[in-house]
Amino acid sequence: MRRVAGWLAAFARFWYGFIVGDDWTVAATVTVALVVTLALRVAGWPAWWLTPLVVVAVVGVSLRRAGVRR
Amino acid sequence: MTGLSSSVALVFITTFGASAVEAIEMVTIVLGVGAIRGWRSTLAGTGAGLLVLAASIVVLGLALSAIPINVLRLVVGTLLLVFGLQWYRKGIRRVAARGLAGIGEEHFEGSEHQGPGLDWTAFTLAFKGVVLEGLEIAIIVVSFGASARQLRTAVVGGAAALAAIALAGVALKGVVTSIPRSLLQLIVGTLLTTFGSFWALEGLGVEWPAGDGAILGLLALYALAAAAYVSVERRRLFGFAPGG
């Protein structure tokens, strides 16, 4: 039982590392950007530009924060 | 005519590159363990790990092929985008800090197994090295190939990279550890972020200006941003920009 729990914990850790990694704010910001993109599309506005701009911006913020932590 | 998002060459290049990034570490671990603990058990662990990876690819491939393309592109695109961004950020930081340096040799403690039977330490080290490094390869290769409707090309790209790195590791000592993995990681991170953005938004029903041609625009945007961020990071780390 403990062995199975260990395997499940390792599996969950793998997916957390794969999707979220060392900066959860990047994954969270990208998710919010995709939700807003969908809202823009549903409202009939051009929506393609938002996510790429958010991606570039959030990487800059993440790198800066990592640099400050060093 | 084949669209850019499902072009055979782009699928091959991306999956080959992504697999090569992880294969460098995988081959370095296997070579390090084999040299210290002996080859029989190391190769047995490597073979068992590769079997697990092959089974994962078949199961994942069958599962993803059954999902409608728009749902698949939204889910896989988002997954590739957030994962690609991790490599993109790590690539920027490592290229800024270490330039084109390789990963260096792995050092393992211990001595060659002399007794009868399998050396479980060597087996486990090799098995874990292959499965842990390879699982990311399997997920990227299958999800990328399924979204591009080029699963076979993606698997061939991944397998070719694994074979090439393994051959280079066996034939030319020291070559694998001197491959500029950070730069490779940044290039593949840029490609995964590009395709992830494109597919995730297509999955949401967003129309890209210029259709598949938008991929080239995204690639240019992310490549230019990466170059700018490397320059900023180098200035922060060393007080000067590349060439400065």
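## Chain A and its contact with chain B

**View 1. The contact between chain A and chain B in the predicted model.** Chain A contributes 23 residues to the contact, and chain B contributes 28 residues. On the side of chain A that touches chain B, the elements giving two or more residues are α1 (2-19), α2 (24-42) and α3 (50-69). Helix α3(A) supplies the largest share of that side, ten residues. By residue class, the side of chain A that touches chain B consists of 16 nonpolar, six polar and one charged residue.

**View 2. The helices of chain A.** Chain A has three helices and zero strands. Along the sequence, the order of elements is α-α-α.

**View 3. Dimensions and burial of chain A.** The radius of gyration of chain A is 17 Å, whereas a compact globule of 70 residues would have one near 11 Å. Taken along the principal axes, the box filled by the C-alpha atoms of chain A is roughly 55 × 35 × 10 Å. Buried residues make up 23% of the 70 residues in chain A.

**View 4. Confidence along chain A.** The average pLDDT of chain A is 90, and 97% of the residues score at least 70. Among the elements of chain A, the highest mean pLDDT, 96, belongs to α2(A), and the lowest, 83, to α1(A). Where pLDDT is low, predicted coordinates should not be read in detail.

How values were computed: Residues are numbered from 1 along each chain as its sequence is written. Chains are lettered from A and ligands numbered from 1 in the order in which they are written. This is a predicted model: local features need pLDDT of at least 70, side-chain atom pairs count only at pLDDT 80 or more; totals for chains, interfaces and linings use all residues. Two residues are in contact if their C-beta atoms, placed from the backbone, lie within 7 Å. Helices (H or I, at least four residues) and strands (E, at least two) are DSSP runs, numbered from the N terminus. Ala, Val, Leu, Ile, Met, Phe, Trp, Tyr, Cys and Pro count as nonpolar, Asp, Glu, Lys and Arg as charged, and the others, Gly among them, as polar. The radius of gyration is taken over C-alpha atoms; the globule rule is 2.2 Å times the number of residues to the power 0.38. A residue is buried if 20 or more other C-beta atoms lie within 10 Å of its own, exposed if 12 or fewer, and partly exposed in between; C-beta atoms are placed from the backbone. pLDDT is the predictor's confidence in each residue, from 0 to 100.
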